[in-house]
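Here is a short tour for anyone who likes to look at side chains one by one. Please keep the viewer open while you read, and turn the model as each topic comes up.

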Amino acid sequence: MITSPSSLRRSESSRRATLEAALDLCTEKGYGRVTVEAIAARAGVSKKTIYRWWPSKSAVLLEAFTEALVQATPSADTDDIAADLRTHVTGAVGVLSVPPYGPAYAGILSEVHHDDELAETVRTQLIEPRFEAVVSRLRSAQEQGQIPPGADLRLAVEMLYGPVYYRHVLRKPMQGAEAVASLVDHVLRSLGALTG
């Protein structure tokens, strides 16, 4: 089936309106008080439209959060692994630090404990792609001789993200630029990395 350009625009505009409505409501009411009905009313779309694209409010908010996180966490390779990781982690901290994204993601994480489908979606559409992007960047540094061949790159990514998630989930103040730089330096030292 061929879709006309005008219907594609309508679909994208409805999708954007739905994501923005969900984020606005999350900021105004808190994650727990957001409903699909309220999202539909705010976005000017039907509940049927929302359920055609997403199975739940969590899925709507996850898509909005994922878009923001992907934009904020570039997978650049500037030949300076420390700078690239600082930029990446700082972007993640920035998104998690501000409404509506931080509170929305905290709500999503609370749901994954009793929603297996959402947990799988979070894992496959958010966590694994971001994780693999950082592993890939570390592998590139390894190929350039900046990280020793036997270094555990997957563990290094967990070491980078662990403190960020710890602070987010426990609602502790997020790391500033100095703390992120220190975290990156510690992780790279633990790998035996040769940095500038």
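Helices here are DSSP runs of H or I with at least four residues, numbered from the N terminus. In those terms, A193 is found in the segment after helix 9 (177–191). The model is a predicted one, so a word on confidence comes before the details.

**Confidence**

The protein chain averages a pLDDT of 91, and 93% of the residues score at least 70. Among the elements of the chain, helix 2 (residues 36–43) has the highest confidence, at 97, while helix 1 (residues 5–29) has the lowest, at a mean of 83. Over residues 1–8 the pLDDT is below 50, and beyond near neighbours in sequence this stretch has one contact in the model. Where pLDDT is low, the predicted coordinates should not be read in detail.

**Around A193**

Is A193 buried or exposed? A193 is buried, because its relative accessible area of 17% is under the 20% limit. Setting aside neighbours within four places in sequence, the contacts of A193 are Q146, I147, P148 and L188. V95 is 98 residues away from A193 along the chain, and the C-alpha atoms of the two are separated by 28 Å.

**Aromatic rings**

How many aromatic pairs does a search of the whole structure find? The search finds four. One of them joins F65 and Y105, which are stacked with 4.2 Å centre to centre and 5° between the planes. This pair links distant parts of the chain: F65 belongs to helix 4 (residues 57–72) and Y105 to helix 6 (residues 101–111), 40 residues apart. F65 counts as buried at 1% relative accessibility, and Y105 is buried with a relative accessible area of 1%.

Another pair, Y161 with Y165, is edge-to-face, with 6.3 Å between centres and 65° between the planes. Y161 and Y165 are four residues apart in helix 8 (residues 153–169), so about one helical turn separates them. Y161 counts as buried at 14% relative accessibility, whereas Y165 is partly exposed with a relative accessible area of 24%. Ring pairs link F65, Y105, Y161 and Y165 into a cluster.

A ring also takes part in a contact with a charge: the charged end of K57 sits over the ring of Y31, 4.3 Å from its centre.

**Salt bridges**

The count of salt bridges comes to eleven.

| R15 | E67 | 2.7 Å |

Consider R15 and E67, which form a salt bridge. R15 lies in helix 1 and E67 in helix 4, so the pair ties together parts that are 52 residues apart in sequence. R15 counts as buried at 18% relative accessibility, while E67 is partly exposed at 23%. Both residues also belong to a network of salt bridges that links E12, R15, R16, E20, E63 and E67.

Because R137 lies in helix 7 and D77 in the loop between helix 4 and helix 5 (81–97), the pair ties together parts that are 60 residues apart in sequence. R137 counts as buried at 6% relative accessibility, and D77 as partly exposed at 38%.

E132 is partly exposed at 35% relative accessibility, and R154 is partly exposed at 40%.

R130 has its place in helix 7 (residues 116–143).

Technical notes. Residues numbered from 1 in each chain as written. Predicted model: local features only at pLDDT ≥ 70, side-chain atom pairs only at ≥ 80, totals over all residues. Heavy atoms only, no water. Helix = DSSP H or I, 4+ residues; strand = E, 2+ residues; numbered from the N terminus. Buried < 20%, exposed > 50% of the residue type's maximum accessible area, 1.4 Å probe, protein only. Contact = heavy atoms within 4.5 Å. Phe/Tyr/Trp six-rings, centres within 6.5 Å; stacked < 30°, edge-to-face > 60°. Lys NZ or Arg CZ within 6 Å of the ring centre and 35° of its normal. pLDDT = per-residue confidence, 0-100. Salt bridge = Lys/Arg side-chain N within 4 Å of Asp/Glu carboxyl O.
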